[in-house]
Amino acid sequence: SGMPPGPMVIPYVGNSLFPTISVVKKLRKKYGDIFKTELGQNKFIFLCNYKLIKEAMSRTELSDRPHLDLGFILSEGVPAGVIMTNGKHWQNARRFLLRNLRDLGMGKTYLEDAIQREAQLLVEDFKKHSGSPTLFPKSLNVAVLNVVWQMVASTRYDMDDERVLSIIKIIRSFETTSVLLILEFIPFIKKIIPDFIKNRLSLYTKMANLRKEAKTLIQDIKTAHRAQLDPDNPRDVIDEYLIAMDNKSDIAEYFSELDLVCVTFDLFNAGFDTTSNMLRWIILYMIKYPEVQRRVQEQIDAVVPRDTLPSYQHKPNLPLVEAMIQEALRFSSMVSLGVQRSPDRDIQVGGYLIPKGSFVFPATVCCHYDPQYWEHPDQFRLEHFLDDQGNFASQKEGFLPFGTGRRSCLGESLARMELFLFSSALLQNFTFSAPEGCEVNLEGDPRLPSVRLAHDQNIVITPRTKED
Ligand code: HEM
C-alpha cells in the first residue's frame, strides 16, 4: 500500500519481463510519471520526469545499486569493483578513481595530446575506408579504447590490432547477461529448469568461458604491472592501486587483487563502449541530417586551419560542435533507463512509498523527449543547445545523459573530451553519407532493450577537399 500504481501482479511471477524502453513509454502513458512493475518478487520503480529523477537520485538513501549476482560476474558473486558495489567499498573505489583519473589528466588539457594522437590515427584509418560503403571502421573502437587503456594500464593498440577484437568481443558478450536476468529475478525457474536444458542454452558455459577470458586478460596485465612496479613513479591507475594496497592506506580498506581486476574491468566496460557508441550515433545523425553536418563543418573550417586538428583551444569558438554533441546525447538517450539504484530503507518519492531493496530506474529518455523542456523534442536541432546569440548553452533542465547525484558518471569529463576531439576531427576531414538508395537505420539495437546502441550498418566516408 502507498506504492506507485502499475499493472496487476501475479504472485511469485510478477507482471513484466525486464523492461524495455518502448514498454516503459507505454506504461508511462497509462500510469503517469512514477509507476511500478514486478518481476518475480522484485519491484521495479520507474521515474519518468526530470524533477522526480533529480530529487530522488540526489538523496543519500538512494546511492546504492541493487544487489545482482550478475553484477559481480567476474568475482563470482563477491562484491567488487566500482559500478555495482555499495557503502564504504564503493565510496573508497570512487574516491580513488576520481583522484587518480584526474591526476592522469581526465578533464585537463594535458590529456588532450594523447587523445589528439588517437584522433590523428583515426583520421588516417578512416581515409583507408573511404570511397565505397563500409561498416563503421573498427578504429573507432580502438581509438576510444586506447584513451581509457592508456590511463588505466599504459597500453595502446594499433588501429588494426586483432587482439582488440577479442577485448571488444568480451565486453559485448557480457551483454548476453540480459538473457540470464530473467533466471536471476525468478530464482525458482532457475531451479526447475533441468541442467541439460541450461547446458543446451549454453548460457552458463558461455558466461563461464568469458569470465575466464576476461580474468586472464586483466590478470596478465596486473602481473606485468606488479613485476615492473616502481612505487616512486606510478604510471597509471593499476600502479596507483597496487601502491595503495601495499601501503595499506585508508582508501585501500577494501582493495584486493580480485577487486583490482573488477575495477579495471568496470572502467573498460563503462568507459569504452559508451563513448564509441556515441561517436557512432553522431556519425549516423550527421548522415540523416546533412544540413547540420554542413553547418558544423563550416564552423570548423572558419575556426580551425585545415592542416591542424581541432583542439580545446578552439572550443570556445565551436559552439555548433558542442551543441551537436549535446543534441546527439539527448536524441540518442543512450542510457535510456539509466543505471538502477536501490533505496537502503523505505523512502517516499513523489508522494509514493519506494520500498527498501526495490530497483529504481531513472528513465532519462522521458526527460530528453519531454515537450516541457524541449521546443521540438522529436527533431534533431542544434538550437536546443544554443542561446539567441548562437552561443552554446550547456546547462539545461531536462537533460541527464550522465545521470545525476552521488553516483553520476565518473568519467563524464573524459567522455566529453573524447567526444569533442574525435567528432570534430572526423567532421573536419570527412563527410558522411548513406550508400546510394539507402537510409540510415536510427533504431536502437534490439539485443539490449534498455539502452540504445547504434546498429552496425554500411556508411560512406568521403574525404573532404579544400573546396568542400
Ligand atoms: C558518452 C559516454 C558516457 C555516458 C553517456 C555515460 C553514462 C553514464 C551513466 C548514465 C551512468 C550512471 C549514473 C547514475 O547512476 O546516476 C554512468 C556511470 C558510470 N560511468 Fe559513465 N558514461 C560515459 C562514459 C564513461 C567513461 C569514459 C567512463 C570512464 C572512464 C565512465 C565511467 C563510469 C563509471 C565508473 C560509472 C559508475 C559510477 C558509480 O557507480 O559511482 N563512463 N555513466
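1. How many helices and how many strands make up the secondary structure of the protein? In this predicted model, the secondary structure comes to 16 helices and 7 strands. The radius of gyration is 23 Å, close to the 23 Å that the globule rule gives for 468 residues, so the protein is as compact as a globular protein of that length. Taken along the principal axes, the box filled by the C-alpha atoms is roughly 65 × 60 × 45 Å.

2. In soluble globular proteins, nonpolar side chains tend to be buried together. Here the largest nonpolar core has 88 residues, of which V148, A328 and F422 touch the most other members, and helix α12 (residues 257-288) gives the most to this core, with 17 residues. When residues up to four places away in sequence are not counted, A328 touches M278, W281, I282 and Y285. Another core, of 28 residues, lies apart from the largest one and includes M57, F185, V365 and L400.

3. Two packed helices are described by the angle between their axes and the distance between the axes. For helix α4 (residues 112-128) and helix α16 (residues 412-429), the angle is about 35° and the axes are 9 Å apart, while the crossing is right-handed. Helix α4 makes the contact through E112, I115, Q116, A119, L122, V123 and F126, and helix α16 through M417, E418, L421, F422, A425, L426 and N429. By class, this contact has 10 nonpolar, 2 polar and 2 charged residues.

Note on methods:
Residues are numbered from 1 along each chain as its sequence is written. This is a predicted model: local features need pLDDT of at least 70, side-chain atom pairs count only at pLDDT 80 or more; totals for chains, interfaces and linings use all residues. Axes are lines fitted to C-alpha atoms, for helices over the stretch in contact, and angles run from 0 to 180 degrees between N-to-C directions. Helices (H or I, at least four residues) and strands (E, at least two) are DSSP runs, numbered from the N terminus. A crossing is left-handed if the near helix is turned anticlockwise from the far one by less than a right angle, and right-handed if clockwise. Two residues are in contact if their C-beta atoms, placed from the backbone, lie within 7 Å. Ala, Val, Leu, Ile, Met, Phe, Trp, Tyr, Cys and Pro count as nonpolar, Asp, Glu, Lys and Arg as charged, and the others, Gly among them, as polar. The radius of gyration is taken over C-alpha atoms; the globule rule is 2.2 Å times the number of residues to the power 0.38. A nonpolar core is a set of buried Ala, Val, Leu, Ile, Met, Phe, Trp, Tyr and Cys residues joined through C-beta atoms within 7 Å. A residue is buried if 20 or more other C-beta atoms lie within 10 Å of its own, exposed if 12 or fewer, and partly exposed in between; C-beta atoms are placed from the backbone.
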